[in-house]
Amino acid sequence: MKTTPVTVDDLRRSVIAVPPLARDADLSLNAHANKALLRHLEDGGVRSIMYGGNANFYNVAVSEYARILDFLAEQAGPDTWILPSAGPDYGKLMDQAAILKARDFPTAMLLPMSFPYTDAGLADGVRRFSDTISRPVVVYIKASDYIAPSTLGRLVEEGRIAAVKYAVVRQDPLQDPYLSALLKAVDRRLVVSGIGERPAIVHCRDFGLQSFTSGSVCIAPRGSMQLLRLLQQGRLPEAERVRAAYMPLEDCRDAISPIRVLHDAVTLAGVADMGPMLPLLTGLTPAERERVAPVARALLARDRDALAA
């Protein structure tokens, strides 16, 4: 596992995968399936793996947190960056900070809080979390005006921010005054597009972001990595063609549930059996699985065809 501090080059070098976490029928960690998914990502060139919402870290018990972290650290390749998440509530955040402090992860992400919080209170929580683990952290922005641009800018100036995952969904991602304001306060090299392949081209072309997170990369890592390189090289028509292959699965995720669809899509594609979802979430219904299965399998087949070509 990569343990050196996170740099802007680290943010650029790989799509940041946000995979689900596999569990057995009794909801214990499924070591075999999680290893298989990690190898699938690494074999496809992915070197940055974030365990957050798709892994249902919102509902992970503090009592199993250390075991999950140690498993992920042990299974990752030597140059793979594993990015765990913590929170979102302050009590859980600080309990998990004590566990993270004793381990070598170069950073961790604060899961976004929805209620209750204030801007100043959120900043205080970021500072306390960063102080406890003695490392800069990743802030996850999922709602417009989640944190004031000036507040985030001060946290960056204090050396507390390793990166920002920006995941505010817009009907038109080109029209995003909040992102524009954030980029006036924060070095855009620290901000990662956080909503998968759909807005990645706009975020790169029009806002100057240099990488993106992806769930669908867990099905087709080679194509997603190809998309990242094409964006970084400014080869936008080619990037559009590559991205098009991901839209059917992204459409399913948007129509049903981003987290639930991805969790079961990894299973349905044949990558690894993710098993049941940890409550308070549930897997897809039979009708939803019938819709997702052919889409997931087609995306994996395309990625394998690209490898063979």
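Asp70 lies in helix α3 (helices are DSSP runs of H or I with at least four residues, strands are runs of E with at least two, both numbered from the N terminus). At 28% relative accessibility, Asp70 counts as partly exposed. Buried here means under 20% relative accessible area, exposed means over 50%, and partly exposed lies in between, with a 1.4 Å probe and protein chains only. The C-alpha atoms of Asp70 and Leu100 are separated by 10 Å, although the two residues are 30 apart along the chain.

The model is predicted: local features need pLDDT of at least 70, side-chain atom pairs count only at pLDDT 80 or more, and totals for chains, interfaces and linings use all residues. Residues are numbered from 1 along each chain as its sequence is written, and side-chain values use heavy atoms, with hydrogens and water left out.

The protein has 13 helices and 8 strands. Along the principal axes, the C-alpha atoms fill a box of roughly 50 × 45 × 35 Å. Of the 309 residues, 55% are buried. Contacts (heavy atoms within 4.5 Å) were taken between residues at least 6 apart in sequence; 75% of them join residues at least 24 apart.

An open sheet is formed by 8 strands. Their order is β7-β6-β5-β4-β3-β2-β1-β8, and the pairing is parallel. Two strands pair if DSSP finds at least two bridges between them. β7 (191-193) and β8 (213-214) stand at the edges, each with a single partner strand, so one side of each has no neighbour in the sheet.

Strand β3 is mostly covered, with 6 of its 6 residues buried. Trp81, Leu83 and Ser85 are buried on one side. Ile82, Pro84 and Ala86 are buried on the other. Strand β2 (residues 48-51) runs parallel to β3 and is joined to it by 4 bridges. Met50 stands opposite Leu83 in this pair. β2, helix α3 (residues 62-75) and β3 make a right-handed β-α-β unit. Right-handed means that, with the strands pointing away from the viewer, the path from the first strand over the helix to the second runs clockwise. β3 also pairs with β4, in the parallel sense, over 2 bridges. There, Ala86 stands opposite Leu110.

Helix α4 (residues 90-101) lies across β3 (81-86) and β4 (109-110), at about 150° to β3. Axes are lines fitted to C-alpha atoms, for helices over the stretch in contact; angles run from 0 to 180 degrees between N-to-C directions. Helix α6 (residues 149-157) packs on the sheet and touches β5 and β6. Its direction makes about 150° with that of β6. Strands β5 (residues 137-141) and β6 (residues 161-166) pair in the parallel sense over 5 bridges. Val139 has Val164 as its bridge partner in β6.

The largest nonpolar core holds 109 residues. Such a core is a set of buried Ala, Val, Leu, Ile, Met, Phe, Trp, Tyr and Cys residues joined through side-chain atoms within 4.5 Å. Tyr51, Phe57, Ile82, Leu100, Phe129, Ile141 and Leu152 touch the most other members. Helix α12 (residues 258-269) gives the largest share of this core, 6 residues. Beyond its neighbours within four places in sequence, Ile141 contacts residues including Leu152, Val164, Tyr178 and Leu182.
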